[in-house]
Amino acid sequence: MTKTEEYNLKEEIKEEVKNALRNGIDNEGCAVYRASRKDHYSPRGKAIVLDNGYYEKILYKCNLCKACGEDLCNTFLKARQVLVLRDKEMNANKKMIENVKRTGNIYGIDE
Amino acid sequence: MIDNELVCYNTDNSGLHGNAKRILFPESIAEIKKLILDSQNIVPRGLATNIVGGCIPSGSDVFDMKKMNNINFDFKTKLVSVEAGVTIKELNEKLKSIGYEFPIFGEGTIGGMIAMDSPSFMGAYGNIKEWIEEIEFVNGRAELIKFSKSDIGEVCGLEGITGIIVRAKLSVISYNERSLSIFQSGDIEEIFLVIKRLKLEKTIAMMRLYSPYYSKILGFPEKYHIFVGFENSNGKIKGEDCDILLKKIMKDYYLMNKNGYRSSEDPKLLFEKLKEFTMFLDSIGVPYSGDLSLGIIFPFFKDDSSKEEVIRMINRINGRPGKYGIGLRRKNKVDNLQKKIVHRVKMRHDPYLKMNKGKYIDIDGTNDADNLIMELDKRATENENEK
């Protein structure tokens, strides 16, 4: 992805989270939020993080289950693309990629 | 200063932004008492669904109450003891499993709903205040106080400026399978005739009025609609269809937001004034919905020009804030007498002015506060001497 593409993606994300925040987000449907009981794990909390222009690892704490709405879920997916470009990956993801390179499967099982 | 992942605590559904110093997640009353003693500027926070800036921090420690989430039901007294961080949805999920429900439907935590004295989405059940038997709260002096029904005014509806609600005992009712009927008309006169008749019906839990434009946005023909909610199966729409429709109208304002109407008012009016007000809104083309059991009309605005006109009208017909509360945004709606009363209660419970600073009423500077404490102490001594 080029710098221009990343810029466009971020603009798209910005527009989408602004709309989502205006239109209301169903926090109580979110399983991660219900388990953690902390606002920053809620879909709304993550949307506010993005609305402020921050791309943080907290965006990975999401099941992508669409309980908060299909549009917002797609926005989080796009935001994760930006995170990967910025090398902000979860250790588990990095390990999975290494495993795939080394063994051809995500578990690292070498048969 | 909080890190990037925690910026959501700087704001609430009002869209206003403040700055939080620390985010705290207390799990017990003892912890809350200790934290209050340690802190100088506290903002209690529930689901943060209010739209008036009721939990915007200003260099404050934000007390996120959602970790306090115990529910205990007493089958003998039929009272449920709920900690402040439980949401209405969670409470009703639990109660439904044993055949009961708490009829103050809405989005929020118990603590938040009590602090705002929120009305039920089904207006006939009134405000949450009417369903509270006892409140436990920790005031600004870090004292745990229990209030019975007669004294809950010192906490309920004061938007967290006197202390932090930690637990409440609430009355519940048996679970009802409700039903809905929809009445449609092109004539507002006819609508109000029907409403007058419906008001006499005792099994009606909700009467929601929608203006023609609002009805269109909800996906109905462009006419006036009244959604009548029954406590029994008297309505024509039942079961799953009823649930889907109720969910839709419960979040109706989001549909207005989507269509550019991002601002609204909530005047509570005498029944005799409702018709005059709705006809006025029709004449200037402002869409609205209304909870006719509570006497609240919600006009929606795209721009400020029509809003100013409507606010002038609300003032003329003595409309009082009905649902949204005061918060940061609407302190001008508190009259002088109310200000004095609230000020007195605040000073009694929060003399060091720690709790939810800048909300509901303005109290300038600590000197004023010190003077007031002295005055209150003097009065207390005088009272004791009199006794």
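Predicted model: local features only at pLDDT ≥ 70, side-chain atom pairs only at ≥ 80, totals over all residues.

Colleague: With which residue does B:Glu93 form a salt bridge?

Modeller: A salt bridge is a side-chain nitrogen of Lys or Arg within 4 Å of a carboxyl oxygen of Asp or Glu. The partner of B:Glu93 is A:Arg34, and their closest N and O atoms are 2.7 Å apart. This pair crosses between chains, joining helix 2 of chain B (residues 88–96) to helix 2 of chain A (residues 31–36). Here helices (H or I, at least four residues) and strands (E, at least two) are DSSP runs, numbered from the N terminus. A:Arg34 has a relative accessible area of 30%, so it is partly exposed.

Colleague: How far apart are the closest N and O atoms of B:Lys66 and A:Asp39?

Modeller: In that salt bridge the distance is 2.6 Å. This pair, too, crosses between chains: B:Lys66 is in the loop between strand 3 (58–64) and strand 4 (71–74) of chain B, and A:Asp39 is in the loop between helix 2 and helix 3 (43–51) of chain A. B:Lys66 is buried because its relative accessible area is 2%; A:Asp39, at 3%, is likewise buried.

Colleague: Which residue meets B:Glu83 in a salt bridge?

Modeller: B:Arg167 does, at 3.6 Å from N to O. B:Glu83 lies in strand 5 (residues 79–83) and B:Arg167 in strand 9 (residues 163–171) of chain B, so the pair ties together parts that are 84 residues apart in sequence. B:Glu83 is buried at 7% relative accessibility, whereas B:Arg167 is partly exposed at 25%. Salt bridges that share partners also join B:Glu265, B:Asp266, B:Lys307, B:Arg330 and B:Lys333 into one network.

Colleague: How many salt bridges does the rule give over all chains?

Modeller: The count comes to 30.

Colleague: Which residues make the nonpolar surface patch?

Modeller: Patches are made of residues with over 30% relative accessible area and no salt bridge; like charges are joined within 9 Å, and nonpolar side chains (Val, Leu, Ile, Met, Phe, Trp, Tyr) within 5 Å. Areas come from the Shrake-Rupley method with a 1.4 Å probe; for residues, only the protein chains shown count as cover. A:Met96, A:Val100, A:Ile106, A:Tyr107 and A:Ile109 make the nonpolar patch, of about 470 Å². A:Tyr107 is placed in the segment after helix 5 (91–103) of chain A, and its relative accessible area of 63% is why it is classed as exposed.

Colleague: Which residues gather in the patch of negative charge?

Modeller: Lys and Arg count as positive and Asp and Glu as negative, with His and the chain ends not counted; a charge is placed at NZ of Lys, CZ of Arg, CG of Asp or CD of Glu. The surface patch consists of B:Glu177, B:Glu240, B:Asp241 and B:Asp243. B:Asp243 lies in helix 6 (residues 239–250) of chain B and is partly exposed at 42%.

Colleague: How many helices and strands are there in chain B?

Modeller: Chain B has 11 helices and 18 strands. Its radius of gyration, 22 Å, is close to the 21 Å that the globule rule gives for 387 residues, so chain B is as compact as a globular protein of that length. That radius is taken over C-alpha atoms, and the rule is 2.2 Å times the number of residues to the power 0.38. Of the 387 residues, 55% count as buried.

Colleague: What does the secondary structure of chain A come to?

Modeller: Chain A comes to five helices and zero strands. Its C-alpha atoms fill a box of roughly 50 × 35 × 20 Å along the principal axes, and buried residues make up 41% of its 111 residues.

How values were computed: Residues numbered from 1 in each chain as written. Chains lettered and ligands numbered in written order. Heavy atoms only, no water. Buried < 20%, exposed > 50% of the residue type's maximum accessible area, 1.4 Å probe, protein only.
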